[in-house]
Amino acid sequence: MAVEAQEAAGQAAATGPKRRSHTGLATAGLLALPTLWLVVFFLVPVVLIFLYSVNIFSLYPGGQYFTLDAWKDFLDGSPFLDLFWKSIRMALIVSVISVIAAYPIAYYLALLSGDRKYTLLLLILAPFLVSYFLRLLAWKVILGDQGVINSFLYWTGLRAQDDPLSWLLYSQFAVILTLVYIYIPFVALPIFASLDSLDRRLLEASADLGASRWQSFRKVTLPLSMPGVIASFIFVFIPTIGEYFAPLLVGGVEGTMFGNAIADQFGQSLNWLNGSVLSFFLLLVVALLMAVFARFLTVRRVATG
Amino acid sequence: MAQPMDIAVSRNGRRLLTFWFGLLVIFLYAPLGLLLLFSFNDNNLPVFPLKGFTTSAYEQFLGNAELRASVVTSTKVAALSSLIAVFLGLLAAIVFVRRHVFGKSVASALLLSPLVVPYIALAIGLLVFFSQAPETFPLGMRTVVMGHVVVSIPYTILILVPRFERLDVRIEEAARDLGAGAFQTFRLITLPLILPALVSAFIVAFVLSFDEIIIASFVAGTVTTFPLYLFSQLRFPTLLPQVIAVACVVMAASAVILVATEIGRRVLERRLGTE
């Protein structure tokens, strides 16, 4: 009941004072410009990728005709498909670790009182403003055979000069570690936002009703923070499937991902047909995942509201 | 009322959370600290043991014309793309908050979608698109700007929409009732009130573009942006300390700019009395 009343109040506040409601050409005009930009530089390119993937467009003049051969080759157990599943697996690991590592931080900060929480939140968020490239570079320097960890091991005599921990760099491990490092500040923010807006009285009520702290967390806090958790999960998982520079810099052969295969088809291999199939497949999967997540998010909102 | 912390976690739980927080702060900052340390180390390779203190890496890059040119290029690209992105984001935000238009939800889905599309797919799409009309779209600074606007727009919208939602529409209505035209109202009333949010949106878009490497690496043609320059230098291990030094300087510069603008924004907001 209390929750419902509060939701209603919140909605009233959000709607605010009476709004002028305009419709018409002038208004449509305002939206036309940004929409047009996205249509020209995003939608049309996506359509073009599709046309290349079915060979209606081709890099080679005279070679344009409709065929699904490239799609068949790809879906019929090509190594690229294996690479795709590997990327999905890595993206899943990265996003789950990031969320699990960042949740307690967000929880801790949300429970702090006063302005201190925002100062400490800034401390967690600040690395996100440091160049993506620089953060990749840092791990390249740390993990290499001549890197910080290995040279430290040689120096202290824990490891022989010719026997470095070579799995540290140019491996799946390196890619996962680096991406977790890059995404943690990003993940902490939406979870913090959802926990910070949580009504403290709900916790008092649940304590008054005899719930232990753990029970209150599991039955009240965790479910109410799920929208934040899902949002952060999406924002890590989806870009990571197509990750390109992290595998390129610290992944080596073992850490190669789907994004590298795409880049290679448009770069060295110069096979736009294959590359377009891979790119469009990635876009399809992303669209599908978003549809699933969006549905899940609305269902949750209905369930909790 | 009891502290929320006391209700939610036991004393031991709190200790554990504090410990985890400290650990993560170390995890986040130690790699950057190490980079800074090695940029002053008198050795061409970033390895232990440290040899001695030197600022030669910093001196070298100051004399590097190619590097300075790449910083200028990235600054131009970032400035232009964030100006366009803020302008387009502003138009969209006005409509999303204040108007009811047919197709609004479709438009908002489209405008926000670059947030979740892997940049590699966007980059490929742009490369394919530009290659259809190489005369109209020669690869270069202009094409990078076009791509960066696409990825910046969602961020500017997400920053501007909440600001518009907090804005009291009655102020604008009062101006209109007193005889101001729609554009006059916007220029004299709305614009000053949302200026801090516009500045925030501009900074976010600027940082995003300055740092962006995937789209740039596909559509920059022969132009070298700053991240592309850094990447090209990684092939020569002896240049690593220099690259690290540059990156540290840029990191420090962006921190100063961000803090300065944040302070400026707060002063502005206080003067406007909106907060």
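1. Start with helix α5 (residues 116-125) of chain A, which packs against α8(A) in this predicted model. Their axes lie 8 Å apart, at an angle of about 150°. Because angles over 145 degrees count as roughly antiparallel, α5(A) is described as roughly antiparallel to α8(A). On the α5(A) side, look for A:L121, A:I124 and A:L125; on the α8(A) side, look for A:P185, A:A188, A:L189 and A:F192. What classes do the residues of the contact of α5(A) with α8(A) fall into? Seven are nonpolar, with no polar and no charged ones.

2. Stay with chain A and move to another partner of α8(A). Helix α6 (residues 132-143) of chain A packs with helix α8 (residues 172-196) of chain A at an angle of about 140°, and the axes are 10 Å apart. That angle makes α6(A) oblique to α8(A), and the crossing is right-handed. From α6(A), the residues taking part are A:Y132, A:R135, A:L136, A:W139 and A:L143. They meet A:A174, A:L177, A:T178, A:Y181 and A:I182 in α8(A). By class, this contact has eight nonpolar residues, one polar and one charged.

3. Next, have a look at helix α4 (residues 79-111) of chain A. With 33 residues, α4(A) reaches 48 Å from its first C-alpha to its last, close to the 48 Å expected at 1.5 Å a residue. Where does the kink of about 30° lie in α4(A)? You can find it at A:A102, shortly before the proline A:P104.

4. Helix α6 (residues 119-132) of chain B and helix α7 (residues 141-166) of chain B cross at roughly 140°, and their axes come within 11 Å. The angle makes α6(B) oblique to α7(B), and their crossing is right-handed. B:Y119, B:L122, B:L126 and B:F130 are the α6(B) residues here, while α7(B) brings B:T143, B:G147, B:V150 and B:V151. The contact of α6(B) with α7(B) has six nonpolar, two polar and no charged residues.

5. Now follow α7(B) along its own length. Its 26 residues should span 38 Å at 1.5 Å a residue, and the end C-alpha atoms are 37 Å apart, so the two values agree.

6. Finally, step back to see how the two chains meet.

Notes. Residues are numbered from 1 along each chain as its sequence is written. Chains are lettered from A and ligands numbered from 1 in the order in which they are written. This is a predicted model: local features need pLDDT of at least 70, side-chain atom pairs count only at pLDDT 80 or more; totals for chains, interfaces and linings use all residues. Axes are lines fitted to C-alpha atoms, for helices over the stretch in contact, and angles run from 0 to 180 degrees between N-to-C directions. Helices (H or I, at least four residues) and strands (E, at least two) are DSSP runs, numbered from the N terminus. Angles under 35 degrees count as roughly parallel, over 145 as roughly antiparallel, 65 to 115 as roughly perpendicular and the rest as oblique. A crossing is left-handed if the near helix is turned anticlockwise from the far one by less than a right angle, and right-handed if clockwise. Two residues are in contact if their C-beta atoms, placed from the backbone, lie within 7 Å. Ala, Val, Leu, Ile, Met, Phe, Trp, Tyr, Cys and Pro count as nonpolar, Asp, Glu, Lys and Arg as charged, and the others, Gly among them, as polar. The expected span of a helix is 1.5 Å times one less than its number of residues. The bend at a residue is the angle between axes fitted to the seven residues ending there and the seven starting there.
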